[in-house]
Amino acid sequence: QVQLVESGGGLVQAGGSLSLSCAASGSVFSINNMGWFRQAPGKQRELVAEMTSGGNSNYAGSVKGRFTISRDNAKKMVFLQMNSLKPEDTAVYYCYARVRGDYWGQGTQVTVSS
């Protein structure tokens, strides 16, 4: 079982930056993949970025070059540094972890104003 808690969402002006963090807890010592999904109103949930326990990362094409994912395996945490934010990045961002199944946090709102 894994519990995930996100933090760091907020309001930022277009072109600005924001950093998100997620802490995992539970009776799991190793997590295979960790990453971030997002969902905007009226749109489907999409994968933003993910990273394996070995450090391999994958990004959605829309965020490549602007977002950076990192993780601390020992602390079971994953981070998302978001730079050059655009209004279309506005969404609820959900932390996820994959270990014998998929788990999601409650989400944190990111709003980017024009």
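The model is predicted: local features need pLDDT of at least 70, side-chain atom pairs count only at pLDDT 80 or more, and totals for chains, interfaces and linings use all residues. Residues are numbered from 1 along each chain as its sequence is written, and side-chain values use heavy atoms, with hydrogens and water left out.

Start with the fold. The protein chain has 0 helices and 11 strands. Helices (H or I, at least four residues) and strands (E, at least two) are DSSP runs, numbered from the N terminus. The C-alpha trace spans about 40 × 25 × 20 Å along its principal axes. A compact globule of 114 residues would have a radius of gyration near 13 Å, and the protein chain agrees, with 13 Å. That radius is taken over C-alpha atoms, and the globule rule is 2.2 Å times the number of residues to the power 0.38. Of the 114 residues, 42% count as buried. Buried means under 20% relative accessible area, exposed over 50%, and partly exposed in between (1.4 Å probe, protein chains only).

Next comes the disulfide. A disulfide is a pair of cysteine sulfur atoms within 2.5 Å. The count is 1. Cys22 and Cys95 form it, with their sulfur atoms 2.1 Å apart. Cys22 lies in strand E3 (residues 18–26) and Cys95 in strand E9 (residues 91–98), so the pair ties together parts 73 residues apart in sequence. The torsion about their S-S bond is about -80°, so the disulfide is left-handed. Both cysteines, Cys22 and Cys95, are buried.

Now the rings. Rings of Phe, Tyr and Trp (its six-membered ring) pair if their centres lie within 6.5 Å; planes under 30 degrees apart count as stacked, over 60 as edge-to-face and the rest as tilted. The whole structure holds 2 aromatic pairs. One of them joins Phe37 and Tyr96 edge-to-face, 5.0 Å centre to centre, with 70° between the planes. Phe37 sits in strand E4 (residues 33–39) and Tyr96 in strand E9, 59 residues apart. Phe37 and Tyr96 are both buried. Ring pairs link Phe37, Tyr96 and Trp104 into a cluster.

Last, the core. A nonpolar core is a set of buried Ala, Val, Leu, Ile, Met, Phe, Trp, Tyr and Cys residues joined through side-chain atoms within 4.5 Å. The largest has 31 residues, and Trp36, Leu80, Met82 and Tyr93 have the most contacts inside it. Strands giving it two or more residues include E3, E4 and E9.
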